[in-house]
Amino acid sequence: MSSCCPTKKKKRFDPILHSALIIIIGALLADFALPHNIPALTHFSHTIIEFASKMWWGVLIGLIFVGFMNKIPREYFRAALGKGDSFGGLVRAAIAGLFLDLCSHGILMVGAKLYERGASSAQIITFLIASPWNSLSLTIILIALIGLKWTLLFIAASVVVAVIAGMGFAALTKRGFLPENPNAVEMDGNFDIIADAKARLKGFKLTPHFFIEILTGGKHEAIMLLRWLLFGLVIASAIRAFVPTEIFTQFFGPTVFGLFMTLIATTIIEVCSEGSAPIASDLLTRAAAPGNAFTFLMAGVSTDYTEIMVIQNATKSWKIALALPLLTVPQVLVLGYIMNMV
């Protein structure tokens, strides 16, 4: 019998989210309670704290961005980004990614919301690839670690990869290999953002309720991201605890073998953009392999399972999610090989 009142759905156990939480909390409590004579456990728990201290602000800012974006009409995003399958629209998406100062985990929520607001998958991929380690804060960190020349070269190369990947997504979508965004909004050619915004703002008033909605508006995206973020946190912390750091500088030289070893390592290791910078600098300075450093930064984004799973959740398409590494990793390897030869 149907009811006028919807029944509440029981909260199910999420094996990824809750298992990761159990492991993290258990490790922290064990490290606190047990004597500090178990180096692996101490390293594991301390790495969790280190990663969490670097990630939380990006997730929080991303949450605020998403909550604010909920208040903006979809038509505005479509008008600002331009036509989804055009070169100009992809360049706009790449520029937006470059100038949005968020880490790789905070940017995922924004990308998912842009897709919900009607941006094409080509623009979302371009936006995500151009953004994660090109934030202003991380750019300054990279300049300090590897110098201005290599930092600017890495940024320029990342934009090239992002735009070419976006063009590939647009072509595959046009041919029907990838699905269209069901949230896309048809724009009136005479639509004026400024005039429309002025009309909407006439009766607008700032209230405490408005700010509460901003803070809570991205809750769904935050939960979607958090399950994979915590899972990646456990994996990355375990690798740091049990795999010596020297391996990354001893066996990842400027060779084809070293380049592919770097690809394998960055595929396995899940670190935030800030966490990847020191490892990339070691690959450039100690291993004398700038191409490996670029590969570690870029392929880390392209093969990041948090990113792939969030894209799949946002787009409801495994094709779109898996097309990300397929269209970007070959470009990254070619550019990395050329950089190693310089």
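1. Basis. This is a predicted model: local features need pLDDT of at least 70, side-chain atom pairs count only at pLDDT 80 or more, and totals for chains, interfaces and linings use all residues. Residues are numbered from 1 along each chain as its sequence is written, and side-chain values use heavy atoms, with hydrogens and water left out.

2. Overall fold. The chain has 17 helices and zero strands. Both are DSSP runs, numbered from the N terminus: helices are H or I with at least four residues, strands are E with at least two. Among contacts (heavy atoms within 4.5 Å) between residues at least 6 apart in sequence, 79% join residues at least 24 apart.

3. Burial and surface. Of the 342 residues, 49% count as buried. Buried means under 20% relative accessible area, exposed over 50%, and partly exposed in between (1.4 Å probe, protein chains only).

4. Helix α16. This helix is mostly covered, with nine of its 11 residues buried. Among them are Tyr-305, Glu-307, Met-309 and Gln-312.

5. The end of α16. Which residue takes a positive phi just after α16? Lys-316 does, at about 60 degrees, although Lys-316 is not a glycine. Lys-316 sits in the loop between α16 (305-315) and α17 (318-341). Lys-316 counts as exposed because its relative accessibility is 66%.

6. Cavities. The structure holds two cavities of 30 Å³ or more. On a 1 Å grid over the protein atoms alone, a cavity is a set of points where a 1.4 Å probe fits but cannot get out; lining residues have an atom within 4 Å of a point. Grid points are joined across faces, edges and corners, and a volume is the space filled by probe spheres set on the points. The second largest cavity has a volume of about 60 Å³.

7. Lining of the second largest cavity. α5 (104-116), α6 (121-130) and α16 each supply at least two residues. The lining includes Leu-108, Tyr-115, Ile-124, Leu-128, Val-310 and Ala-314. Eight lining residues are nonpolar, two are polar and none is charged. Ala, Val, Leu, Ile, Met, Phe, Trp, Tyr, Cys and Pro count as nonpolar, Asp, Glu, Lys and Arg as charged, and the others, Gly among them, as polar.

8. Ser-121. This serine lies in α6. Ser-121 is buried because its relative accessible area is 6%. Beyond residues up to four places away in sequence, Ser-121 touches Tyr-115, Phe-169, Thr-173 and Ile-320.

9. Ser-302. Helix α15 (residues 290-302) holds this residue. Ser-302 counts as buried because its relative accessibility is 0%. What does the side chain of Ser-302 make a polar contact with? The partner is the side chain of Thr-328, at 2.8 Å. A polar contact is a pair of N or O atoms within 3.5 Å; within protein, one must be able to donate a hydrogen and the other to accept it, and residues adjacent in sequence count only if both atoms are side-chain atoms. Leaving out residues up to four places away in sequence, Ser-302 also touches residues including Ile-129, Ile-308 and Leu-324.

10. Phe-44. This residue is in helix α2 (residues 39-69). Phe-44 counts as buried because its relative accessibility is 10%. Phe-44 and Val-234 are 190 residues apart in sequence but 8.5 Å apart in space, C-alpha to C-alpha. Phe-44 touches Val-234, and also Ile-23, Ala-27, Ser-237, Ala-238 and Ala-241, not counting residues up to four places away in sequence.

Methods: On a 1 Å grid over the protein atoms alone, a cavity is a set of points where a 1.4 Å probe fits but cannot get out, and a pocket is an open set with protein on both sides within 12 Å along at least five of seven lines; lining residues have an atom within 4 Å of a point.
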